[in-house]
Amino acid sequence: MYAAHAHDQAHGDHAHSPGGIMRWITTTNHKDIGTLYLWFSFTMLMVGGVLAIGIRAELFQPGLQFWRPEFFNELTTMHGLIMVFGAIMPAFVGFANWQIPMMIGAPDMAFARMNNWSFWLLPPAACLLVGSFFVPGGATAAGWTLYAPLSTQMGPGMDLAIFALHIMGASSIMGAINIITTILNMRAPGMDLMKMPLFVWTWLITAYLLIAVMPVLAGAVTMVLTDRHFGTNFFNAAGGGDPVLFQHIFWFFGHPEVYIMILPAFGIISQVIPAFARKPLFGYASMVYALASIAILSFIVWAHHMFTVGMPAAGQLFFMFATMLIAVPTGVKVFNWIATMWKGSMTFEAPMLFACGFIFVFSMGGFTGLMLAIPPVDIQVQDTYYVVAHFHYVLVAGSLFAIFAGAYFWIPKWTGHMYDETLGKWHFWLSLIFFNITFFPMHFLGLAGMPRRIPDYALQFADFNMVASFGGFGFGLTQLIFLAAVIKCIRGGEKAPDKPWEGADTLEWTLPSPPPYHSFETPPVVK
Amino acid sequence: MGEAQKPGRATPLQVARAVFWSFFGVRKRAAYEKDAVSLTPLQVIVAGVIGAVILVLSLVTLVYFITS
């Protein structure tokens, strides 16, 4: 598809930045910033994971074992906020930074200095979030959704969370502007929009979603802030406001946010599967159209998170139908991935294993989502562990597995070394097994009525909770295998060829491994 | 791959058709490649907004008939 790009490696590999720590603080290079994003998100994954282990330790047995109930709520809240805003989103921005310029034949991102600023806003935001545990009253315990009136009543930890969200939102918007500008203006000659790799397409659409909804979140939390400190009553019923308004605003952000966290995952899977099936992606056009469809539909389904809040039957039906429609383009994507594999010459290295695991487990999360879209069912299982199971199937087995697939897929390009395939396979199989041990029993717990965000539970839930906690500890420890695989790969190993994957055909594989400092100084020719 | 027709501006019907299929998430390759050379971003955005409004209105109508 692409003409070979003869790059003079010696010429390209000249960095102008200072060495040591200042290299990372002052860098404007897309690869350095991508690396920073990825390490940041892995760090936050570990922090959020420690909180999750705290949750599962408490739930290992009925009764209160370790934590005060208030602190348990802090754990669940901060686990959600840190995983969503600190781990998953920055990880995909890291992939975007590394990959988009290389995949479209550009030398770097469009706004290199803003790129630096986007990243360096994140560590202060993370410090605010983590630091909020140590202020009087502790971290916010309102749930990651920060519903009023809980969020208007919390201690100063809530203010820190609000400021952290403001900062992370600003970072996301700047990142999105950068990505859109890079994709629209810096593609290699001949690469029209319809020849872009699907990962780039997913990020183009995700970036628009980010710009559309991050200001909505910022508006919602700012209103909470002014309700808390400046005498407004947006969400205070006693003052003429409406706490349900917060839920509407939050979920108008929150549902597209779900797609912000899954569309780039779709993009990664759409790169990995063709490479290991050694076939072009089946139905590229349909994939692009399905992406657009999912993005549009994501704006008209938000109230399916609010069926139990009280809404007319007409409202319930509207949001049920609209939500179920999303199954159509999502089904198109799953069909296309499987059709890509059909009669392909498949091999199952770690990226492909994670991609197959993604399809299998993400589809289960999609089906439970469909069930939750039906109001009579949702009213039964609202705020139970069924919902917790659903969104972990989508976000862990969906987003996180795709992140691992992408990491193993591109790490030979990034580091110049092949990763340890044995470690990768162990990482995959243990992750898949422990993931299901952790979250599959939660379906049963939820159907049996166990409420989420409660540190104690009735005796009949004990066995499944013990199983889930066991799985959770295993899943957490398994991620250390990933850390070991990455560190081993960075430190050395078998030299990676320019194109370690036989079926990969995008532009980054025409560059040396590791690629030169400025990816494409001379734009490649795309036929 | 090699389409010979010159990239003229798409007719409103062609834009509507492209947006309809995008809502469904499926498109024939030939039609897609024709879209790629003839649709402008402005056309797609305007048609997409109109399409979203039509979708919402048709769902509201459907719901109205079910609940009435």
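## A loop residue in chain A

I454(A) sits in the loop that links helix 17 (421-447) to helix 18 (462-491) of chain A. Helices here are DSSP runs of H or I with at least four residues, strands are E runs of at least two, and both are numbered from the N terminus. This is a predicted model, where local features need pLDDT of at least 70, side-chain atom pairs count only at pLDDT 80 or more, and totals for chains, interfaces and linings use all residues. Residues are numbered from 1 along each chain as its sequence is written, while chains are lettered from A and ligands numbered from 1 in the order in which they are written.

From I454(A) to N465(A) is 11 residues in sequence and 13 Å in space, C-alpha to C-alpha.

## Chain A as a whole

Chain A has 18 helices and zero strands. Its C-alpha trace spans about 70 × 50 × 45 Å along the principal axes.

Of the 527 residues in chain A, 54% are buried. Take the contacts in chain A between residues at least 6 apart in sequence: 83% of them join residues at least 24 apart. A contact means that two C-beta atoms, placed from the backbone, lie within 7 Å.

## Where the two chains meet

The contact between the chains takes 20 residues from chain B and 19 residues from chain A. On the chain B side, helix 1, helix 2 (29-38) and helix 3 each give two or more residues. Helix 3 of chain B has the largest share, with 10 residues.

By class, this side of chain B has 14 nonpolar, four polar and two charged residues. Ala, Val, Leu, Ile, Met, Phe, Trp, Tyr, Cys and Pro count as nonpolar, Asp, Glu, Lys and Arg as charged, and the others, Gly among them, as polar.

How values were computed
Buried ≥ 20, exposed ≤ 12 C-beta atoms within 10 Å, placed from the backbone.
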